[in-house]
Every structure is written in structure tokens, then in C-alpha cells.
Amino acid sequence: MEKFKCAISFLTIIPVKANINDEKDFRDMMLYFPFVALILGILYYIITYISYHYAESSLLSSVLYVVSSIVLTGGLHYDGLADSCDGLFSGRDKDKILEIMQDSRIGTFGVLGIITNVILKLGIIYAFIENDIIYFAILSVIFSRTIQVVYAYYSRYAKNDGMGNYFIGKIDKHTFNTAIISYLLISFILFIFFKGYSFSYILSTWFKTCLISILLLNFIVKRISKKLDGITGDILGMIAEISEILFLYIFFIVYNIF
């Protein structure tokens, strides 16, 4: 339970105190990422649903969705997104990129990265609301936090210090397997509550979305890893934001085509 509370306090602004004794316990909290993501996804959905129910404005509701995704997480992954964009788009070598990413000041590419992310998320959430499928957005939140566990497990750390050193390349198999199984179980249970669609249809749409998203993410992360000889905590934050948007867009495309 302490690890679960630690995951909540790490990924959200929900005021939960956790008694974590060592680095291993801190790492092990990642197995609860899918559950915390479920909580976040449901909160985003409730805020959006209530907003649309009373205001009947897709634009306002999509804005509140994006704002709630920033506020409830304390903008945690936006910091990593901005730092990663500043470094990766600087055109420098590995050492300089890592130095730029470590700088607390935000640069032009960081600002553009955040703006682009917000616009893309705002646009796709608007489309989800207009098509009355906003509840499916919950799946994107769970996917994005679970994929962080995947890359923390399979990747190597590109630096010698930093918070990412607690996770990247140090996640054990039990934590990885538990997170993946939890992700699958949570997703399958959610399918049951998505009324108006057959289980097989949602499963097929979800599977195609996951497959395409993972293929695209692997392409992106491999290029980054080759450039930096690994990834960092900032890159993990960027992965969370990119994977969430990728999932949303691909799901929408698959949903409309098939």
C-alpha cells in the first residue's frame, strides 16, 4: 500500500503521504503506474463529462480536459517534454544535449514542444467529445504511464546522476510483468463498461492502436537512444506525453476506418 501511495504522490498532486524506506521501494512503485493512470483518466473524464453536460460546449470541455491533465499531474511530464525538446532539437552532440536538458531554464524548442503538445491534445479531445467517445480517452492515459515502465525496463540510463537513475535500467522483471498484467486487466475490465460496443470490437480497435503506437514509439525512442546512448528521466516524461497523444490519434483513426 505504501508503494501505491508513493506512486500517487509521484504522478499526481493528490496529497498522499507514503512511507518509503529505500530506493528499491521507490522503484517498485512503478508497478502501480497503470492504477494511478486509471484514477487520472477517470478524473479527466468526469471533469469533461460534467463540463459538457452543463455547458454543452465541446471546445470548453476539451480545454478543461487538457487543463485538468496539467493541473492534476502538476505538469510533471511537461517539464521532461520541454527539457527533451530543448536538448534533442539543439543539433549538438550527446554531452551538450544532456547539459542543455539539465538546465532548469526553458528554451525556444521547449516552449514550442509544450505548445504543440497542448494544441494536438486539445484538437483530438475535441474530436473525441464531438464523436461522443471521450470515455475511450481513459485508455490513452493508462497506456502512456504503462509504456513508461516498459522503456524504464528495457532502456539504459544515459547519465550518471539524476532521478531517472532510480528507474531506468533498474526495474526488475517482477515490477515489469506486474505492470503489464495490470495494464491488460484494467483495459479489459474497462471494455465491459464501454456500452454500445461489442467486447470484440473494442478489443480489436485497442489492439491495433497499441500495436501501431508501440511501433512508432520504438522508432522514436531508438533514434533518441542511439543519439544519447540511452534515455533519461526527461525522456521518460516526454515519452508519456507523446505516447498519450499518439494513442489518441491512432485510436481515432482506427475507430473511424474500421
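## A walk along helix H9

The buried residues of H9 pack against helices H2 (23–28), H3 (33–55), H8 (137–154), H10 (199–228) and H11 (233–257). Helices here are DSSP runs of H or I with at least four residues, numbered from the N terminus. Please keep in mind that this is a predicted model, in which local features need pLDDT of at least 70, side-chain atom pairs count only at pLDDT 80 or more, and totals for chains, interfaces and linings use all residues. Residues are numbered from 1 along each chain as its sequence is written, and side-chain values use heavy atoms, without hydrogens and water.

Let's begin with the length of H9. Its 21 residues, 173–193, should span 30 Å at 1.5 Å a residue, and the end C-alpha atoms agree, being 31 Å apart; the expected span is 1.5 Å times one less than the number of residues. At the start of H9, a side-chain oxygen of Asp172 comes within 3.2 Å of the backbone nitrogen of His174.

Now look at the buried residues of H9, among them Thr175, Phe176, Ala179 and Tyr183. Buried means under 20% relative accessible area, exposed over 50%, and partly exposed in between (1.4 Å probe, protein chains only). Thr175 counts as buried because its relative accessible area is 1%. Beyond its neighbours within four places in sequence, Thr175 is in contact with Arg27, Asp28, Met30 and Leu31, where contact means heavy atoms within 4.5 Å.

Ile192 also lies in H9, but this residue is exposed, because its relative accessible area is 58%.

Methods:
Helices (H or I, at least four residues) and strands (E, at least two) are DSSP runs, numbered from the N terminus. A polar contact is a pair of N or O atoms within 3.5 Å; within protein, one must be able to donate a hydrogen and the other to accept it, and residues adjacent in sequence count only if both atoms are side-chain atoms.
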